Amino acid sequence: MAKDVRQGQSLTFTGSGFEPGESVAGSVHSDVVDLGTAVTDAKGNVAFTWNVPANFALGQHTVILEGETSKRKVEATFTVLANQAMEQGKDDLANTGANTAALWGAAMLMALLGAGIVLGNRRRAGLHK
């Protein structure tokens with residue numbers, strides 16, 4: 001089972017082929033999380049529901065379900081994706097920067113024009129030697 005889940009959501013892991021009434025231990029690996037134990041139903045099926053922490057590491061992880069009596073081991077991978085609200089926030093953020101190249105160009109032009117006017121007035125007034 002390869003499944004995608006987002007941080008903060010819940011994910012249900014299921015296993016079958018265990019002995020009826022058997023205790024099965026569940027764990028998530030990479031960042032090890034003990035899911036506790038669950039007892040199988042009359043058909044040897046078991047399920048664990050886990051709430052993925054909002055800060056759980058992104059990427060691929062493995063869940064392992066292991067029967068206490070049968071020693072049956074079931075493994076599956078799943079992928080943790082970024083919290084959807086965080087991803088939407090990336091696109092919804094206000095643009096705090098601006099393209100100021102045109103403003104700087106206009107400011108330089110005005111400074112040069114102002115300097116030209118000052119020099120022109122000084123020459124007319126005879127102040128420039």
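What you see is a predicted model, in which local features need pLDDT of at least 70 and side-chain atom pairs count only at pLDDT 80 or more, while totals for chains, interfaces and linings use all residues. Residues are numbered from 1 along each chain as its sequence is written, and side-chain values use heavy atoms, with hydrogens and water left out.

With those conventions, the protein chain has 2 helices and 7 strands, and the order along the sequence is β-β-β-β-β-β-β-α-α. Of its 129 residues, 24% are buried, where buried means under 20% relative accessible area, exposed over 50%, and partly exposed in between, with a 1.4 Å probe and protein chains only. As for contacts, meaning heavy atoms within 4.5 Å, 59% of those with a separation of 6 or more join residues 24 or more positions apart.

Now to the aromatic residues. Rings of Phe, Tyr and Trp (its six-membered ring) pair if their centres lie within 6.5 Å, and planes under 30 degrees apart count as stacked, over 60 as edge-to-face and the rest as tilted. By this rule there are 4 aromatic pairs. One of them is the tilted pair of phenylalanine 13 and phenylalanine 78, at 5.3 Å centre to centre with 55° between the planes. This pair links distant parts of the chain, since phenylalanine 13 belongs to strand β2 (residues 10-15) and phenylalanine 78 to strand β7, 65 residues apart. Phenylalanine 13 is buried, at 1% relative accessible area, and phenylalanine 78 also counts as buried, at 1% relative accessibility. Tryptophan 50 and phenylalanine 56 form an edge-to-face pair, with 5.1 Å centre to centre and 85° between the planes. Tryptophan 50 counts as buried at 9% relative accessibility, and phenylalanine 56 is buried with a relative accessible area of 6%. Ring pairs link Phe13, Trp50, Phe56 and Phe78 into a cluster.

Next, a loop residue: which residues does the side chain of threonine 40 reach through polar atoms? Threonine 40 lies in the loop between β4 (33-39) and β5 (46-51), and at 5% relative accessibility it counts as buried. A polar atom of its side chain lies 2.6 Å from the backbone oxygen of glutamate 19, and the side chain of threonine 40 reaches the backbone nitrogen of glycine 21 at 2.8 Å. Leaving aside residues up to four places away in sequence, threonine 40 touches several residues, including Phe18, Pro20, Val24 and Val46.

Lysine 71, in the loop between β6 (59-67) and β7 (73-81), has a phi near 65°, a positive value in a residue other than glycine. Most residues other than glycine have a negative phi. Is lysine 71 buried or exposed? At 56% relative accessibility, lysine 71 counts as exposed.

Finally, helix α2 (residues 101-125) has 25 residues and reaches 36 Å from its first C-alpha to its last, close to the 36 Å expected at 1.5 Å a residue, where the expected span is 1.5 Å times one less than the number of residues. Helix α2 is hardly covered, with a count of 0 buried residues among its 25. After α2 comes glycine 126, whose phi is positive, near 75°.

Key
Helices (H or I, at least four residues) and strands (E, at least two) are DSSP runs, numbered from the N terminus. A polar contact is a pair of N or O atoms within 3.5 Å; within protein, one must be able to donate a hydrogen and the other to accept it, and residues adjacent in sequence count only if both atoms are side-chain atoms.
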